[in-house]
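User: Could you take me through the sheet in this model in some detail? I'd also like to hear how the two chains meet.

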Amino acid sequence: MPIFSPSEDPGSNFNELVKKLGLVPSHTSWSESLSVPHATTCVALRFNEGVLIAGDRRATSGNWISHRGMEKVLQTDDFSAVAISGAAGPAMEMIKMFALILEHYEKMEGRSLSLEGKANQLSMLVRNNLPAAMSGMVVLPLFAGFDEHDSQGRLWDYDATGGRYEEREYVAIGSGSMHAGTVIKVGWRNSLTAQDAVELACRSLWEASEADSATGGPDGLRGVYPIVATIDKSGWHRIEDSELSEIFDSIANEVKSR
Amino acid sequence: MSMPFYVPPEQMMREKAEFARKGIARGRALVALQYNNGIVLVAENPSNNLRKISEIYDRIAFAGVGKYNEFDLLRQAGVRAADLTGLQYSRRDVDGRGLANQYAQIIGQSFTHESKPLEVEILIAEIGHEKETDRLFHITFDGTVIDENVFCILGGDSDAVQQRLQTSVDPNASLQQAIRDAAAALAGPDRPTSTDELEVAILVRSDQRRCFSRLNHQQVSDLLK
């Protein structure tokens, strides 16, 4: 059981604790030709009562589809979620660590970090990954949450150096981000309801999957649909697959009738 | 160079135990008991910020009485140990028995080797998937671990509280009844229960990941009405 003297104590930061105990894997330099699964398109947008976060389910290694059911959007605590693009292995590790940091802080201190504090903490994890990013293992997260202090949804995207950018309206990341981002840009309004936001996000992922081979579309055959979730004052709500299936059906019908 | 006086080990242990017992008895008592859908922990605590009961892991709660800084240090160590185990292995591999054993080692070590023993008594409560797999590990100031059934009392005037509680305790009682019994046992017949001084938390038997939650003063006074 880890007990420290007051001057050695790592405080409530789980990452510091893990470092102190030497449990962090050493940074090895990766070969750029190493082919590992990459995760792709994720979007987030604000709506009138909160924020929506969504991502497709495909992971690719070069021209291979390596996973069809990957969960790139993860709830990190009651009021926040992360979506990732980039090298899947380090990315999943980063989200796992991030969620643990939030929970550990909450248990140690008896209260949650502020949303801004959470976004800042994620920025440090991205920056720590910089050596790996230099040799091709880039991980770029997107962070969305409901700020209980300001009573509004907020979202951030990051660059490989840990740069943290708060977005006012929407953001799209990953290989299909140009298409997905354009769809949202055209359809975004200040007064979007949660339902409008869900439909807009589905539409954006549909268009991205049409144009980008690394983005997976709705897969009715296997029953695999993108992950779409909203976060508002009552917390995280993941949209049911049955509801997504209806939305994608209506998009398909509309495309057919063009 | 002066030689320290020889003190026979029996006497040293006896004096340390007496010291620790006195320190713990100065504080107020805490009870934990099973109810029909989990475990409820009730403490008399005049402070609304310095907690005696807290969450360690998904299905595990910690309760401590005695010296606040000492049991809070143990609480933090427990949260760290549990989170590290969960990170390195799996969330399922964190269990109450393992934690209780580690606590027993630390507290026992300190009792035997330190000149001042820890003036604490702690409880590791773990909610199982069925009532039969609930665990209440009671660890005393000398590192003794007691695997308690149905209910457990820590600190304060624990013998008197035990006498009052054991007549009413019922693992199939509702949450409301369980809190009433606990509050009545803590207060005794001569003293009214003040909801402002009750710290109440529950471990609810469910398939949710985190089973621990606190009840605020409003919720407690509604239940005690």
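Analyst: Happy to: in this predicted model, chain A holds an open, antiparallel sheet of five strands, ordered β11-β2-β3-β12-β13. Strands here are DSSP E runs of at least two residues, helices are H or I runs of at least four, and both are numbered from the N terminus; two strands pair if DSSP finds at least two bridges between them. At the edges sit β11 (170-173) and β13 (235-238) of chain A, each pairing on one side only. From one strand to the next, the twist averages 15°.

Further in, β3 (residues 50-55) and β12 (residues 227-232) of chain A run antiparallel and share six bridges. Within chain A, A:G55 faces A:I227 of β12(A). Helix α5 (residues 177-187) of chain A lies across β2 (42-47) and β11 of chain A, at about 165° to β11(A) (axes are fitted to C-alpha atoms, for helices over the stretch in contact, with angles from 0 to 180 degrees between N-to-C directions).

As for the two chains, 23 residues of chain B and 20 residues of chain A are in contact, meaning heavy atoms within 4.5 Å. Five salt bridges cross this interface, each a Lys or Arg side-chain nitrogen within 4 Å of an Asp or Glu carboxyl oxygen. One of them joins B:R209 to A:E103 at 3.2 Å, N to O.

Residues count from 1 along each chain as written, and chains are lettered from A and ligands numbered from 1 in written order. Local features need pLDDT of at least 70 and side-chain atom pairs 80 or more, while totals for chains, interfaces and linings use all residues, and side-chain values use heavy atoms, without hydrogens or water.
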